[in-house]
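Have the model open while you read. The paragraphs below go from domains to helix pairs to single residues.

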Amino acid sequence: MTHDTDQRVLLLMPTKRDGERMESVLAATGIGFAVCRDVCDLCRKIGEGAAAALLTEEAVTAEHAGCIQAALAEQPPWSDFPLVILAREHGKQEHLRESMNATLVERPVKVRSLLSVLRSALRLRRHQYELRDLLAKHQQAEDALREGDRRKDEFLATLAHELRNPLAPLRSSVHILQLTSTEDPRTKPIYDTMERQVNHLVRLVDDLLEMSRITRGKVELRKEPVELAAVVRNAIETSRPLIDAAGLRLTVSLPPERVVIVGDFVRLGQVLTNLLNNAAKYTNEGGQIWFTATCEGNEVVLSVRDTGIGIDTEMLPRVFDMFMQVDRATSRSQGGLGIGLTLVRSLVGLHGGSVAAYSEGRGRGSEFQVRLPIADGAQAAGFLRPTDQLTSTRPTRRVLVVDDNLDAATTLTTLLRHLGADVQMANDGPTALATVASHQPEVVFLDIGMPGMDGFEVAKRVRMRPECAEVVLIALTGWGQEDDRRRTAEAGFNHHLVKPVDVSALQAFLVP
Ligand code: ADP
């Protein structure tokens, strides 16, 4: 790592006599040196690299000392550049010792003592170089770690995205099987198991995807005033199958008044679902879960308490760490990656809230409390997202499904037909546009990534037709990042659904 310049001593001797004498002393001892014309030259050479400087006191007058100090301030943090100053009288230059690493050698100069001072200056500089090399190595190792971490995050994002694609047709197929399996009662439990497992896979992949987004700072919330009761109802509905399957009782208690939070409906739902699912996973059959929401000042406190296996006191602060599982064997057997609570903490943080875990120890149950700010009157007066009602009205809408993946398109079409819609299918952009003209759909489910004319282009062209102004355009994509959502909104889409789409989400669009 050393360069030639690193070893040289810079020489600044205003008189010819001093200069020649010092040059011959240094040459005789084999110490490499470079002669400086003036202080500016010295400062420039310090910047280029040098081991030390040998100069006379005349060179460090008040004005010159300022220049040298400025050059030294430019040095990297590991550097404490040594200056050896030939001075007629000790004492006058003491201030230099305070502001710089300066050693004074009294004139007339005794060669022996000068060389001894110079050598210790050079030794000191060598130690500084060792420190520099060590720091560089550390930096390299840190860069490599960071790069590895970035690649891992990217890999997780790609993995999660790739896993989503096959899950979409699988999930739709299971729904179709369930809807058509009325004749043979033996098949129902099989399909139910398939649904549970597929849903479980979807949940894991979702968590993975979400976590990788958060670690890469790619999560942006779609904040709007949302009614707490709607978020809770939605979350409970999602977690209900797991709670029932675990043989647990759930008691829900909400505040009597309407509570509005400014937040992302989906992400808040994820927070509560994760806590409820954990309560279900870590509580033995016959246990109890309490979901309670109470208002405390301008905060709402959401508590998920269970009578489950509990958490050791010393582990409590760590359960929110990434990949943390208190008891790996148990956690794994419950199917988990150890990221659910990390996700909870990050999402709650993005909402300006906090989360805490409480337990009196092993076997004594656990409680997770989320605190979120309640919207003030002005915020609450804003648009309220319609709650997640799934009306029983029989849907009769004309629908078009566009996807170049035949499996995905066919299963979604079949599923929508079973849900009562009048569905046509297209596998590319031009066919989609032709079908829009002939079938006049009210709702179009449109895949984004298609060869040739992609979903954005199809959407734009549909929107250009005056008779299609009211058509509900729904983007179907494996990507649910803010950027993607913004682009679909700009292209004229009304909604953006991330594959695999849940049947209840589809149903909501079929209600006229
Ligand atoms: P996992 O995927 O392992 O469930 P989480 O991040 O959701 O990951 O939880 C981290 C760990 O915290 C779990 O592995 C479990 O050991 C512990 N834990 C979470 N919730 C509970 C609970 N309600 N009761 C007991 N332990 C819990």
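What follows is a short tour, starting with how the model is to be read.

This is a predicted model, in which local features need pLDDT of at least 70, side-chain atom pairs count only at pLDDT 80 or more, and totals for chains, interfaces and linings use all residues. Residues are numbered from 1 along each chain as its sequence is written, and side-chain values use heavy atoms, with hydrogens and water left out.

Start with the domains. The domain assignment of the chain gives domain 1 (4-109) and domain 2 (220-380). Such bounds come from an automatic or database domain assignment. Taken over C-alpha atoms, the centres of domain 1 and domain 2 are 67 Å apart.

Now look at helix α5 (111-180). Helices here are DSSP runs (H or I, at least four residues), strands are E runs of at least two, and both are numbered from the N terminus. Helix α1 (residues 16-29) packs on α5 at an angle of about 65°, with the axes 12 Å apart. That makes α1 roughly perpendicular to α5. Angles of 65 to 115 degrees count as roughly perpendicular, under 35 as roughly parallel, over 145 as roughly antiparallel, and the rest as oblique. Axes are lines fitted to C-alpha atoms, for helices over the stretch in contact, and angles run from 0 to 180 degrees between N-to-C directions. The crossing of α1 and α5 is right-handed. A crossing is right-handed if the near helix is turned clockwise from the far one by less than a right angle, and left-handed if anticlockwise. On the α1 side, R21, M22, V25, L26 and T29 meet V111, L114, L115, L118 and R119 of α5. Contact means heavy atoms within 4.5 Å.

Helix α5 also holds R132. Is R132 buried or exposed? At 13% relative accessibility, R132 counts as buried. Buried means under 20% relative accessible area, exposed over 50%, and partly exposed in between (1.4 Å probe, protein chains only). R132 and E220 lie 88 residues apart along the chain, and 41 Å separate their C-alpha atoms.

A cis peptide bond joins R107 and P108, with omega about -5°.

Move on to helix α10 (residues 340-350). Its buried residues are G340, L341, T342, L343, V344, L347 and V348. They pack against α6 (187-215), α8 (265-281), β11 (354-359) and β12 (366-373). Just after α10 comes G352, with a positive phi of about 75°.

G429, A432, L433 and V436 of α13 make the contact with V458, R461 and V462 of α14.

At 47% relative accessibility, Q440 counts as partly exposed.

Finish with the cysteines. How many disulfides does the structure hold? There are zero; a disulfide is a pair of cysteine sulfur atoms within 2.5 Å. C295 is partly exposed, at 30% relative accessibility. C468 is buried, with a relative accessible area of 4%.
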